[in-house]
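Please keep the picture open while I talk.

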Amino acid sequence: MHLTSAPLVAWGNAWLSGHVGLDDAVDAVERRSGPNLIGTVPPGDLPFDGGVPLRTTLVHLRGLGLSGFRLALPTWGDPFGLVGPAELNRAAIEAQEGVLVRLAERQVGLVPTIDRRGSSYVGVSWTPYPANATDPQVPGLAEAEQQMKLTLLRVVQEMESVNDVVGFSPTVHGELGDTGAPLLAHGYPARAHRVAAQAVRLSKIVELAEPGSGRGLNAHQADARARALRDLDAAARRALVAAHAALDHGRGRP
C-alpha cells in the first residue's frame, strides 16, 4: 500500500482544524517524504504554478476556501476514494493513491510521484488534476473498522479451508511488529489512530504474504487464496481512508 498521500491528508486536516500550526504540519509531512512540490500545469487551468513548495501552496489554497483533504487509495478495478473525471482516476489508480482537495468553488485532485534528483535528493512532486465536485463514498470509521474485522475473520477461515494460512519468510515477522511512526496527526480520535495502525498492518500481510506459500494448491484453491488477499487489502484500504476522514474540522481551534 502506498502512503505518500496519507501524511498530507492527516497533517493538512490537523492544520485546518487548528490542532497544529502551518509550519508544524509542513515539517511533519516533509520529514516523512522529503520536500513536497506542486508540479507544472497549464497556466489558468488550476490554481497552481509549477514547482511551488508545500507551505506556499497551502497558504494559497487557504485563500481559495480550502476546507479539507481526503485520502484516496484506489487499485485497478476498485477506484475507491475517487470522484472522477477519467484523467484523475487513471493517474491516481496508476499511483495507487491520491488526495482530493476541497476548495470553495471547486475540487482538485493531487497525485504524487517520487522525485529523485542525483544521488541524495528525494522528495515528492504532486501533479494537480481537475476533480468532480462530488464527495467520495467513504464509510464511517466504525463501519470500516467492523468490516475490516469481519473480513479478517473470513479470510482466515478461507485460508484454512484451502490449507494455506498466509505464510511469511523469517524476516517478515519483525516488519509486522512495527508500523513505524503514527500515521495520523494531532487531533484525530484515538479510535482513528487504532484503526489506521491495524489497517497498515493488514496491508503488510497482503504485501508480504509469501507467494511460495501457495505452492501445491489446485487452481480453485489458488484462486480462493488470491481472492481472500484482495478482499483483505480492500478492507484495509477502506479502513485507512475512513481513519483519515475522521477528524472533525468543526472542533478545531480558530
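Let me begin with a definition: the expected span of a helix is 1.5 Å times one less than its number of residues, and helices here are DSSP runs of H or I with at least four residues, numbered from the N terminus. What we are looking at is a predicted model, in which local features need pLDDT of at least 70 and side-chain atom pairs count only at pLDDT 80 or more, while totals for chains, interfaces and linings use all residues. Residues are numbered from 1 along each chain as its sequence is written, and side-chain values use heavy atoms, with hydrogens and water left out.

With that in hand, take α7, residues 190–208: its 19 residues should span 27 Å at 1.5 Å a residue, and because its end C-alpha atoms are 27 Å apart, the model agrees with the expectation. I will call a residue buried under 20% relative accessible area, exposed over 50%, and partly exposed in between, using a 1.4 Å probe and protein chains only. By that criterion the buried residues of α7 are Ala192, Val195, Ala196, Ala199, Val200, Leu202, Ser203 and Ile205.

Now compare α1, residues 5–16, whose 12 residues reach 17 Å from first C-alpha to last, close to the 16 Å expected. How many of the residues of α1 are buried? The count is 12 of 12, and among them are Trp11, Asn13 and Trp15. After α1 comes Gly18, which has a positive phi near 85°.

Let me turn to the charged pairs, where a salt bridge is a side-chain nitrogen of Lys or Arg within 4 Å of a carboxyl oxygen of Asp or Glu. Searching the whole structure gives 9 salt bridges. One of these joins the side chains of Arg55 and Asp23, at 2.7 Å from N to O. That pair links distant parts of the chain, since Arg55 belongs to helix α3 (residues 54–63) and Asp23 to helix α2 (residues 22–33), 32 residues apart. Arg55 is partly exposed at 41% relative accessibility, and Asp23 is also partly exposed, at 42%.

Which residues does Glu145 pair with? Its side chain meets that of Lys149 in a salt bridge at 3.8 Å, N to O, and because the two are 4 residues apart in helix α5, about one helical turn separates them. Glu145 also forms a salt bridge with Arg194, the closest N and O atoms being 3.1 Å apart. This second pair bridges distant parts of the chain, from helix α5 to helix α7, 49 residues apart. Glu145 itself is buried, with a relative accessible area of 3%, whereas Lys149 is partly exposed at 39% and Arg194 is partly exposed at 44%.

Further along helix α5 (residues 141–161) we find Glu158, which is partly exposed with a relative accessible area of 23%. If contact means heavy atoms within 4.5 Å, then Glu158 touches Ala224 and Ala228, leaving out residues up to four places away in sequence.

Asn89, in helix α4 (residues 86–95), is buried, with a relative accessible area of 19%. Its side chain reaches the backbone nitrogen of Gly84 at 3.1 Å. Beyond residues up to four places away in sequence, Asn89 touches Leu82, Val83 and Gly84.

Finally, the interior. A nonpolar core is a set of buried Ala, Val, Leu, Ile, Met, Phe, Trp, Tyr and Cys residues joined through side-chain atoms within 4.5 Å. The largest one has 60 residues, of which Phe69 and Val101 touch the most other members. Helix α8 (residues 219–244) provides the largest share of this core, 9 residues. Setting aside neighbours within four places in sequence, Val101 is in contact with residues including Leu61, Leu66, Phe69, Val108 and Leu110. A second, separate core of 12 residues includes Ala72, Leu88, Ile93 and Tyr129. As general background, nonpolar side chains tend to be buried together in soluble globular proteins.

How values were computed. A polar contact is a pair of N or O atoms within 3.5 Å; within protein, one must be able to donate a hydrogen and the other to accept it, and residues adjacent in sequence count only if both atoms are side-chain atoms.
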